[in-house]
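The sequence and structure come before the details.

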Amino acid sequence: MNKIKVLIVEDSFVFRELLVRCLKADPLLEVVATASNPYEARDAIIKYSPDVMTLDVEMPRMSGIEFLRKLMPQYPLPTVMISSLSDAVFDALEAGAVEFVNKPSGLTGDQLYNFMSTELATKIKIASTVKVGKLKRLREPEVQPVSVATGSNIHMVAIGASTGGTEAIFDVVKQFHRDIPGVVIVQHMPPGFTKMYADRLNNQCRVAVKEAQTGDIICPGQVLLAPGDAHMKVVKVGQTYKVECSPGERVNGHCPSVDVLFDSVAKVVRDKAIGVILTGMGADGAKGLLNMKNSGAVTVGQDEATCIVYGMPKAAYDIGAVDYQQPLLRIPQRVYDIINMKNKSR
C-alpha cells in the first residue's frame, strides 16, 4: 500500500520539526517536504506532488487562508488546517480546507506528541480520501421554501455531520426561515470552536443560532448546536422540549456524538421529528437515524455526489435508515415538503 505523501507548511521551526517527528512515526504517512511560508509551499507542491498538506492559519508574507484561495482553483489539494482558537479557521474551510485541528498549548511533550500522532494523523488520512473538486460550492439555484402552518405536526429537525459539515450545515441552515421547527445539530468539532461557529451562523442566517446549554428550550426559528466537548440529548419537560448537554465517554469516537442526539430524539420526539445526516467520515449517526425512522420520524440523507466524504450518509443508507436521499442544496426544500405533508395529514 502506498504511503500518503504529506507536505507540512508551518513557520515555527520547533513546531514544524515536532510535526515531522510525529507524522513520520505513522507507517501510513510519509512527510515528503516541509515549508516555512506559502511561497516555499507552492514550490514544494510542484516538486513533490503531495497527497495532503497541513497548513498553519497564521503565516508570514501571506496568510494560510489567502494562500488557499490562490491555490485551490489551480491546484486543488486536500488540506488540514492547524489553528489556534480563532474563527479564521472557518474562513479556511470556506476557502477549501477539508479539516482542521486545534493547535494545542500548555501540553507536556508526551501529550503533544500523542495529540499530533493521533488526531492530526487521523485527519490527514481522512483528507487523503477527499475528492477536492467537490469542495467547489454547487451552483444550483436556491429554493424559497413554502411557509409552514402554525402548529406544525413536526416539532423538531435533528441534523448530524462531520468532515465537510461546517459548509454543508451552512448551506442547509441559511435556507431555513423563522417558521422552521426547532433545530438541533451535532457537528464534530473541538470545544471553543462550536461557539464561534454558532455565532457565525447566527450572523449569516435568518434563524437564530446558538451553542446549546443545558436547559435551552427547543423552539421554532432557533438552532441549537451541541458544544464541542459534551453530548447533547433532547428531553421533554411537560409539553416543552429542552436540551441537556453533559461531558461523557466518546461514542463512535466522538463527543458530541450524532448517535447520542438522534437516539434521544427517537425516544422523546418520535414521529414528530425529521432526521438529517450530512457529509462525514465513519458511521456516527447511522444507527441513531435508523432508530428515529423506526420510531416514526422521516429521515433524509445527503447523496454521494454532493458529499465531501460519503461515510456517515452511506452508513445510514446502507442499513435502511434513509427515507429520502438528496443533493445538499435540495435538503432544505425536502425538509419543508415533509413538514407541509405532515401538516396536511392532520
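## Aromatic pairs

The count comes to five aromatic pairs in this predicted model. One of them joins F90 and F193: the ring centres are 6.4 Å apart and the planes stand at 80°, so the pair is edge-to-face. The class follows because plane angles over 60 degrees count as edge-to-face.

F90 belongs to helix α4, while F193 belongs to helix α7 (residues 193-204), so the pair ties together parts 103 residues apart in sequence. Both F90 and F193 are buried.

## Cluster and charge

F90 and F193 are also members of one aromatic cluster, together with F100 and Y197. At F100, a charged side chain is placed over the ring: K123 lies over the face of F100, at 5.8 Å from the ring centre.

## Packing of α3 and α4

Helix α4, which holds F90, spans residues 88-95 and packs with helix α3 (residues 64-71). Their axes are 9 Å apart, and the angle is about 5°. That makes α3 roughly parallel to α4, because angles under 35 degrees count as roughly parallel.

On the α3 side, the contact is made by I65, L68 and R69. On the α4 side, A88, D91, A92 and A95 take part. By class, the residues of this contact divide into five nonpolar, two charged and no polar.

Definitions and conventions
Residues are numbered from 1 along each chain as its sequence is written. This is a predicted model: local features need pLDDT of at least 70, side-chain atom pairs count only at pLDDT 80 or more; totals for chains, interfaces and linings use all residues. Side-chain values use heavy atoms; hydrogens and water are left out. Axes are lines fitted to C-alpha atoms, for helices over the stretch in contact, and angles run from 0 to 180 degrees between N-to-C directions. Helices (H or I, at least four residues) and strands (E, at least two) are DSSP runs, numbered from the N terminus. Angles under 35 degrees count as roughly parallel, over 145 as roughly antiparallel, 65 to 115 as roughly perpendicular and the rest as oblique. Contact means heavy atoms within 4.5 Å. Ala, Val, Leu, Ile, Met, Phe, Trp, Tyr, Cys and Pro count as nonpolar, Asp, Glu, Lys and Arg as charged, and the others, Gly among them, as polar. Rings of Phe, Tyr and Trp (its six-membered ring) pair if their centres lie within 6.5 Å; planes under 30 degrees apart count as stacked, over 60 as edge-to-face and the rest as tilted. Buried means under 20% relative accessible area, exposed over 50%, partly exposed in between (1.4 Å probe, protein chains only). A charge sits over a ring if NZ of Lys or CZ of Arg is within 6 Å of the ring centre and within 35 degrees of the ring normal.
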